[in-house]
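Dear colleague,

I am passing on to you the structure we spoke about, and below it I have written out what was found in it. Please keep it open beside this message as you read.

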Amino acid sequence: MTDSTSQNKLTFQSEQTSHTSQSEQTPESDPTSVSEHPTEPRPSAPVPLRGDRLADLPPGVDRPEYDRAAVTAGIVHFGVGGFHRAHQAMYTDVLLASDDAQVAGAAAGWGICGVGVMPSDAAMRDVMRAQDGLYTLVTKAPDGALHARVIGSIVDYRYAPDDPQAVIAKLADPAVRIVSLTVTEGGYSLNQLTGEFDPSPADIQADLNADALPRTTFGLITAGLRLRRERGVPPFTVLSCDNLQGNGDLARKAFTSFATLLDPELGQWMRQQVHFPNCMVDRITPATTDADRQLVAERFGIDDGWPVVCEPFTQWVLQDDFAVAEPDAPSRPQWELTGAQIVDDVEPYELMKLRLLNASHQGIAYFGHLAGYRLVHEAATDPDLAAFLLSYMVNEASPTLAPVPGVDLDAYRKELIERFGNPGVRDTVARLAAESSDRIPKWLVPVISENIAAGRDVTLSAAICASWARYAEGVDEQGKPIDVVDRYADERRAAAAGQLRRQDGTVADPLAFVRNRDFFGDLADQPEFTEPYLAALESLHRNGSKATYAALARHYAHRCAAPQL
């Protein structure tokens, strides 16, 4: 199938402009948008969000009009957090709410059963049960406009520690044709340097015991596939929706490697029979706060224990590689009718997003925190930092990208700066700075390596790495502690200590932070990287964050001979 978008997409309210050509209007703007009506009276007390109270919600709030009792789960999703609920669940809900009876009827077999695996997922279990799987999605536009939609596509939720066998039984249900994942960049247990599956974590080792009751995503999904194989039920498609280049390929590597260790024949069967399409996902979705809950209650009259807030922009590009269980049976929902793009090759879109948006987020995270910013929009509207980010995108990220069908990269880059600066979203710098060890190696190091190989400059990318090194020292420019959230926080902090100047004025090893080859490969041996890295790190220590990124921004604005750090 060639790259395509539907010519008969559902019609949505929209204020979002697209960066694509007129002939291919994707990605779509927010199809969830429903205008707020501030003049309409609100109830004296917020309405509890439950299936039996949908009719009692205030006017102006969109809610499922379709029969949720007729919706069955054709998708099982692991990792039901804010992003899944702002993205895949929203796209599915729009299909279910279609005015086209044929479209809505076809979507009724593609409801979502959420699955939680981590201890922290117990809280989501409780909210999903109390609210019949319903939640409020609020989009916040840069001009302050708010839009709300109650999403109804999640029709079941299972917390695996409560009953692993029930989750396995659900996975083996022939009605389930897609198992999707948002388990974070570090959730695939792949070595950063070699790309090979790492079975050493204790919970994975426990699941590799043939008699064990599975407790990891790997163990549960593999057990579901094994049971389907034993029963002669065709396998489901495994759809990774995490921010990883080739996320489907990586999911294939992780799951088939786990299965091979458990049962070599099962692993071989999975490699031959299970589809793992790649996809690119995009929507800035900060963590829900108590202020968001209060906003939903006061502004929209809904008592929602876990609403989701996000930006209006959304994009989803999927590889057309889904398993067909039976001839003429649908292999996936008609997501292209909601603005998703179904293409043969996702990689150009993936690299565009990961190297422009995600890597730029890392540029905001450490420089921004050290400069005193705590909210992303405040950092992104600092003219010097915005200029630094745009220079990185133009001069270092974009040269590593292949042409992206239908996308004007210049417009896309400028739109990213505008999205980062959206004050309504109130995304936090701390969220962007979390789990850096899973992000920098995947999003930024490939940019550096490719540019060095091509003989191109890496000054700005090296400076972002230096800002991470300075941040990992754990103390900000005012001497206050930094809460470094990273599964390798202790190792990173110890490495950063090696770059600190001692009382006698010497430094043990200025490159200590980048010598870990699992994170940086051989960059510590590459002067094309180490020279600008050390210059930026020295400037961060001597001049501070603002002066450092301002000098770099000026350098690229005027194209002077060398940055004056």
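Does Leu401 count as buried or exposed, and at what relative accessibility? At 13% relative accessibility, Leu401 counts as buried, because the cut-off for that word is under 20%. Please bear in mind throughout that this is a predicted model.

Leu401 lies in the loop between H13 and H14, and, when residues up to four places away in sequence are not counted, Leu401 touches Leu351, Met352, Arg355, Leu356 and Leu409. From Leu401 to Asp321 there are 80 residues in sequence, and their C-alpha atoms are 23 Å apart in space.

Two packed helices are described by the angle between their axes and the distance between the axes. Helix H13 covers residues 383–397 and helix H14 covers residues 409–420, and the two pack at an angle of about 145° with their axes 10 Å apart. Their crossing is right-handed, and the contact is made by Ala386, Leu389, Leu390, Met393 and Val394 on the H13 side and by Arg413, Leu416, Ile417 and Phe420 on the H14 side. Sorted by class, this contact has eight nonpolar residues, no polar residues and one charged residue.

H13 also meets helix H11, which runs over residues 347–370; the axes of H11 and H13 come within 10 Å and cross at roughly 140°, and this crossing, too, is right-handed. From H11 the residues Arg355, Leu356, Ala359, Ser360, Gly363, Ile364, Phe367 and Gly368 take part, and they meet Leu385, Phe388, Leu389, Tyr392, Met393 and Ala397 of H13. This contact divides into 10 nonpolar, three polar and one charged residues.

Two charged residues elsewhere in the chain also deserve a careful look. Lys140 belongs to strand S4, residues 135–140, and it counts as buried because its relative accessibility is 6%. Leaving aside neighbours within four places in sequence, Lys140 is in contact with several residues, among them Asp292, Glu311, Asn422 and Val425. Arg228, which is found in helix H7, residues 217–231, has a relative accessibility of 2% and therefore counts as buried. Not counting residues up to four places away in sequence, Arg228 touches residues including Leu171, Asp173, Pro174, Val233 and Phe236. Between Arg228 and Phe420 there are 192 residues in sequence and 44 Å in space, taken from C-alpha to C-alpha.

At 1.5 Å a residue, its 16 residues, 527–542, should span 22 Å, and its end C-alpha atoms are 22 Å apart, which agrees. Buried residues in H21 include Phe529, Tyr533, Ala536 and Leu540, and H21 is followed by Gly544, whose phi is positive, near 95°.

Finally, here is the protein as a whole. There are 22 helices and 13 strands in it, and its C-alpha trace spans about 70 × 65 × 45 Å along the principal axes. A compact globule of 565 residues would have a radius of gyration near 24 Å, and the protein has 24 Å, which agrees. Of the 565 residues, 58% are buried, and, among contacts with a separation of 6 or more, 77% are between residues 24 or more positions apart.

Definitions and conventions: Residues are numbered from 1 along each chain as its sequence is written. This is a predicted model: local features need pLDDT of at least 70, side-chain atom pairs count only at pLDDT 80 or more; totals for chains, interfaces and linings use all residues. Side-chain values use heavy atoms; hydrogens and water are left out. Helices (H or I, at least four residues) and strands (E, at least two) are DSSP runs, numbered from the N terminus. The expected span of a helix is 1.5 Å times one less than its number of residues. Buried means under 20% relative accessible area, exposed over 50%, partly exposed in between (1.4 Å probe, protein chains only). Axes are lines fitted to C-alpha atoms, for helices over the stretch in contact, and angles run from 0 to 180 degrees between N-to-C directions. A crossing is left-handed if the near helix is turned anticlockwise from the far one by less than a right angle, and right-handed if clockwise. Contact means heavy atoms within 4.5 Å. The radius of gyration is taken over C-alpha atoms; the globule rule is 2.2 Å times the number of residues to the power 0.38.
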